[in-house]
Amino acid sequence: MELQLGLSLPSTPIFPFKMLDLNSYGYELREGLGPFGINVNNNCDSCSSSCSSSSSGGADDGGGGTKKRRLLDEENRIVPKTLPLLFWTNQRPNDEDEPKDVDDHSSSAIFKNDGEGLVGWPPVKAWRKKVRRRVANVRAAVENSCGGRASSSTYVKVKMEGNAIARKIDISLHHSFESLTTTLMRMFDISDENGQKSFKLTYLDREGDWLLAEDVPWRTFIGSLKCIKLIRSRC
Amino acid sequence: MHKKMAFSFPDEVLEHVFSFIQSDKDRNAVSMVCKSWYEIERWCRRKVFVGNCYAVSPRMVIRRFPEFRSIELKGKPHFADFNLVPDGWGGYVFPWIAEMAGAYPWLEEIRLKRMVVTDESLELIAKSFKNFKVLVLSSCEGFSTDGLAAIAASCKNLKELDLRDCEVDDLSAHWLSHFPETYTSLVSLNISCLGSDEASFSALERLVRRCTNLKTLRLNRAVPLDKIANILRHAPQLVEFGTGTYTADVRPDVYSDLAGVLSSCKELKSLSGFWDVIPDYLPAIYPVCSKLTSLNLSYATIQSPDLIKLVSHCPNLQRLLVLDYIEDSGLEVLASSCKDLQELRVFPSDPFGAEPNVSLTEQGLVAVSLGCPKLQSVLYFCRRMSNEALVTIARSRPNFTRFRLCIIEPKTADYLTLEPLDVGFGAIVQYCKDLRRLSLSGLLTDRVFEYIGTYAKKLEMLSVAFAGDSDLGLHHVLSGCESLRKLEIRDCPFGDKALLANAAKLETMRSLWMSSCAVSFAACKLLGQKMPRLNVEVIDERGPPDSRPENCPVDKLYIYRSIAGPRFDMPPFVWTMDEDSGLRLS
């Protein structure tokens with residue numbers, strides 16, 4: 001049983017939302033209008049341009065509030081554009097050129113592209129991601145001479161006999177030959193059983209030898225893998 | 001005066017009555033009846049729960065509850081699990097340990113979640129509390145096996161050492177040998193997060209052998225499959241067991257050894273571990289499956305057919321954690337075999353892949369919802385969803401208390417109608433009247449928040465990402481959800497208006513997290529100034545917020561109620577907004 005402290009805001013509510021009839025907004029999203037009839041596409045190109053008049057922060061007794069109260073009294077009128085409803089930072093200059101669809105807020109999200117797309121998405125615990133990556137750590141300093149990449153990368157080059165184009169696969173996502181072969185079959189478009197049976201998985205190990213993957217345990221495979229080749233089995 | 005005395009009990013009687021009241025909420029209620037009850041209650045409260053370590057200071061807790069034996073503390077906000085809280089933000093436990101060590105030596109239990117625990121803290125615990133019994137560290141970091149060695153060496157009465165999902169600096173596996181040979185009181189040991197490749201098996205074996213009360217043992221990945229039999233042989237009384245790596249060269253002797261030892265564990269109810277599983281060794285656990293109530297296969301990269309076989313052997317399963325390799329077909333089997341299922345978590349095997357790698361869709365969740373009458377808690381990662389499926393789920397399973405759905409691609413629409421998923425989630429909150437926790441995903445407009453504000457009256461925790469159109473969405477939630485305690489939002493177009501209009505609401509909640517939204521620095525300052533009982537923290541790695549125009553959105557915002565005032569252990573990229581924030585920011 002929480003104690004409801006029943007606080008009230010300072011006497012002049014800064015944004016008296018409760019006075020507004022929520023039903024009157026409707027969802028006029030298609031016209032690109034937000035609840036206040038303001039064009040929500042009005043992007044703040046650089047934050048300084050549109051907000052000069054309220055830059056004193058409105059920190060005192062609703063000094064900034066007067067402007068906003070006027071806004072709310074005239075619900076049905078178009079509000080002066082000096083006070084856009086939403087502010088966006090200018091994170092990616094290139095995105096300014098794209099037409100802003102109301103439903104598309106992707107340019108507003110701060111994307112951090114460190115090879116994984118969004119930070120923290122999907123929301124899988126860092127711990128779980130680590131578990132997968134440890135497979136890559138087991139094979140420590142792999143000099144991927146086939147791919148020429150830095151040793152911290154978990155991508156391995158994959159070639160298929162008869163196919164000129166080499167592909168790359170993130171080996172840290174796999175823990176078994178089954179999941180690896182499934183992915184490889186999909187990658188090279190080998191969907192049928194016969195097709196799957198006619199290929200053998202071979203790999204180049206650290207010593208420079210080509211070995212049959214099925215001959216070794218997964219851990220050994222991962223530990224010395226440099227690159228993969230699918231060859232046709234001759235039975 | 002006489003009337004009062006005739007109706008009051010001696011303190012000892014009241015204390016005895018209060019001793020039957022264990023829940024924090026009830027204890028809090030008791031303490032507010034009158035002053036004398038407050039006094040009696042505070043002297044006899046034995047367990048203290050602090051949901052946010054910065055909401056109150058250790059000294060305040062100790063002053064109010066002078067004789068507690070058990071404390072639970074939580075530190076970082078939930079989104080820290082997904083790397084959204086930069087390292088160094090805070091959540092240090094040392095000040096708490098230091099205060100408690102000084103106050104009294106009879107503390108017995110410490111449970112921490114998302115806190116930074118140093119070896120120094122662990123050493124202080126080991127040194128200060130003579131009757132220390134329980135240490136549970138959940139998603140904590142900052143310590144090494146040296147700290148664990150100190151605990152092992154000094155805590156003669158230790159019953160429980162549980163390290164779940166912690167980041168431990170693995171300096172040496174030999175910390176286990178620091179448990180003296182005379183030490184036998186261990187009941188629960190969870191070292192599943194430790195990574196050390198050289199585990200000292202003999203020390204582990206000896207420990208298990210002499211601790212005959214051991215009920216829970218969760219090993220780490222480094223323990224090979226052929227060693228498990230030796231360890232289990234000495235602990236047939238185990239109730240909960242977590243394997244290490246579950247792969248080995250297929251050898252009949254190892255298999256039969258393992259199967260034999262497992263079948264002699266008659267009390268086994270919960271299994272976990274199963275890293276690197278190879279299907280050949282799975283049947284070894286079939287003999288114990290019929291009694292299993294909890295199964296964690298979330299690290300087991302085995303395919304659907306093997307999962308189906310396994311799951312069909314477990315009719316009494318109440319809790320299942322599994323990877324999406326189980327697929328819709330496996331979930332259908334689960335729905336028909338496990339009628340006691342209460343909790344299901346399906347994790348993505350390839351969360352960053354662009355294409356689905358398994359055939360797991362909304363159908364699996366529908367099947368389980370239809371088939372399992374006791375299902376109340378779900379965490380489900382998938383790649384597509386429909387309103388129709390969500391409505392079916394809601395209608396058939398109104399007893400959901402926790403519903404967390406993650407559609408992997410942000411803003412994915414209903415795949416059948418291409419509409420937003422507002423109606424589907426609306427059905428969830430409308431039918432599931434006891435819903436306490438909800439995580440949203442997919443394409444969502446302000447409408448879904450209107451539904452949530454209208455119906456989700458018992459909702460305590462809401463997680464939102466890439467959703468909504470305007471402040472109206474946030475306003476619906478803050479003004480409508482009466483029981484809301486924790487709200488976490490990322491990448492939504494919510495700004496100042498809703499936040500400022502509902503400022504009072506924030507004092508009734510534990511915390512609010514907003515990152516990559518549209519709340520301006522000006523609004524943060526205003527909130528900090530007007531609401532002295534809120535800590536308004538701006539987290540911005542781009543530099544001081546006042547180096548940008550005031551109406552620029554802040555990167556991350558964490559607001560929480562506190563009676564301890566602003567904290568002073570903040571790193572350079574965190575600023576607290578209060579009356580003096582203008583002065584503090586230089």
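Let's start with a cluster in chain B. Ring pairs join Tyr54(B), Phe79(B), Phe82(B), Trp89(B), Trp513(B), Tyr558(B) and Tyr560(B). Keep that group on screen. We will come back to two of its members.

First, a caution. This is a predicted model. The predictor gives the complex an ipTM of 0.87 and a pTM of 0.75. For chain B, the mean pLDDT is 93, and 97% of its residues reach 70 or more. Where pLDDT is low, the predicted coordinates should not be read in detail.

Now the aromatic pairs. How many does the structure hold over all chains? The count is 22. Take Tyr54(B) and Trp89(B), an edge-to-face pair. Their centres are 5.6 Å apart, with 80 degrees between the planes. Where do these two residues sit in chain B? Tyr54(B) is in the loop between β1 (47-50) and α5 (58-64). Trp89(B) is in the loop between β2 (70-74) and α6 (94-103). That puts them 35 residues apart, so the pair links distant parts of the chain. Tyr54(B) counts as buried because its relative accessibility is 10%, under the 20% cut-off. Trp89(B) is at 0%, so Trp89(B) counts as buried too.

Arg567(B) lies over its face, at 4.4 Å from the ring centre.

Next, another aromatic pair. Is the pairing of Phe179(B) and Tyr183(B) stacked or edge-to-face? It is stacked. The centres are 4.8 Å apart, and the planes make an angle of 15 degrees. Are Phe179(B) and Tyr183(B) buried or exposed? Phe179(B) has 2% relative accessibility, so Phe179(B) is buried. Tyr183(B) is buried as well, with a relative accessible area of 3%.

Over to chain A. This chain has 235 residues, and buried ones make up 42% of them. Its secondary structure comes to six helices and five strands. What order do they come in? From the N terminus, the run is α-α-α-β-β-α-α-β-β-α-β.

Contacts next. Take those in chain A with a separation of 6 or more. Residues 24 or more positions apart account for 51% of them. Last, the surface. Chain A exposes about 13500 Å². Carbon and sulfur atoms supply 49% of that area.

Note on methods. Residues are numbered from 1 along each chain as its sequence is written. Chains are lettered from A and ligands numbered from 1 in the order in which they are written. This is a predicted model: local features need pLDDT of at least 70, side-chain atom pairs count only at pLDDT 80 or more; totals for chains, interfaces and linings use all residues. Side-chain values use heavy atoms; hydrogens and water are left out. pLDDT is the predictor's confidence in each residue, from 0 to 100. Helices (H or I, at least four residues) and strands (E, at least two) are DSSP runs, numbered from the N terminus. Buried means under 20% relative accessible area, exposed over 50%, partly exposed in between (1.4 Å probe, protein chains only). Contact means heavy atoms within 4.5 Å. Accessible areas come from the Shrake-Rupley method with a 1.4 Å probe; for residues, only the protein chains shown count as cover. Rings of Phe, Tyr and Trp (its six-membered ring) pair if their centres lie within 6.5 Å; planes under 30 degrees apart count as stacked, over 60 as edge-to-face and the rest as tilted. A charge sits over a ring if NZ of Lys or CZ of Arg is within 6 Å of the ring centre and within 35 degrees of the ring normal.
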